[in-house]
Amino acid sequence: MTAPGDKLRPLASLAEECAEWRRLRIRSVLANGAFDLLHAGHVRYLAAAHAHGDRLIVAVNSDLSVRRAKGDRRPIVPERERVEILSHLWMVDRICLFDEPTVSELLLTLRPEVHAKGTDYTVETVPEREVARSYGGTTVICGDPKDHATTDLISLILDRFGGDSS
């Protein structure tokens, strides 16, 4: 078992590992997201994604890509801390960071057998579905209904506590 601190990999190293897994017929799954303020929806998504293969790779949006997608006040938790938290989850085997708006390039480089997306998508609306299909990969939708979101959690905290720090 890989120690939590050893799960983050540079892309080139991870690509070599994925190629070796394919050679050994070890099925890999790629899940992705910002994972800012980790919550139950994230954990359920990752556990469900892991169930589709033997190894789960989690592609984490870099701070730069989160700011681009969600605005200058995000992320709340810096990328290094998000990676550290995810690395302690049992279902996460490897982690990589990415700056791009989609994981298309990661999919082409790593070629996981499965690309897992959350239930806020359908297979038809996953932007990278054709990329996965191009090398023989499949796209799956997994996790619980999209009842959790970091944005909602931030709003709840602000509503409950406003300027009160107690």
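**Exercise 1.** Determine how the lining of the largest pocket divides by residue class.

*Solution.* By class, this lining has 12 nonpolar, 14 polar and 11 charged residues, where Ala, Val, Leu, Ile, Met, Phe, Trp, Tyr, Cys and Pro count as nonpolar, Asp, Glu, Lys and Arg as charged, and the others, Gly among them, as polar. The model is predicted, with local features needing pLDDT of at least 70 and side-chain atom pairs pLDDT 80 or more, while totals for chains, interfaces and linings use all residues. Residues are numbered from 1 along each chain as its sequence is written, and side-chain values use heavy atoms, with hydrogens and water left out.

**Exercise 2.** Identify which helix gives the most to the lining of the largest pocket.

*Solution.* Begin with β1 (28-33), α2 (40-50), α3 (63-70) and α7 (150-161), each of which supplies at least two lining residues; helices (H or I, at least four residues) and strands (E, at least two) are DSSP runs, numbered from the N terminus. Among these elements, α3 gives the most, with five residues.

**Exercise 3.** Classify the geometry of the aromatic pair Phe-35 and Tyr-45.

*Solution.* Rings of Phe, Tyr and Trp (its six-membered ring) pair if their centres lie within 6.5 Å, and planes under 30 degrees apart count as stacked, over 60 as edge-to-face and the rest as tilted; by this rule the count comes to one aromatic pair. The ring centres of Phe-35 and Tyr-45 are 6.4 Å apart and their planes stand at 10 degrees, so the pair is stacked. Phe-35 sits in the loop between β1 and α2, and Tyr-45 in helix α2, 10 residues apart.
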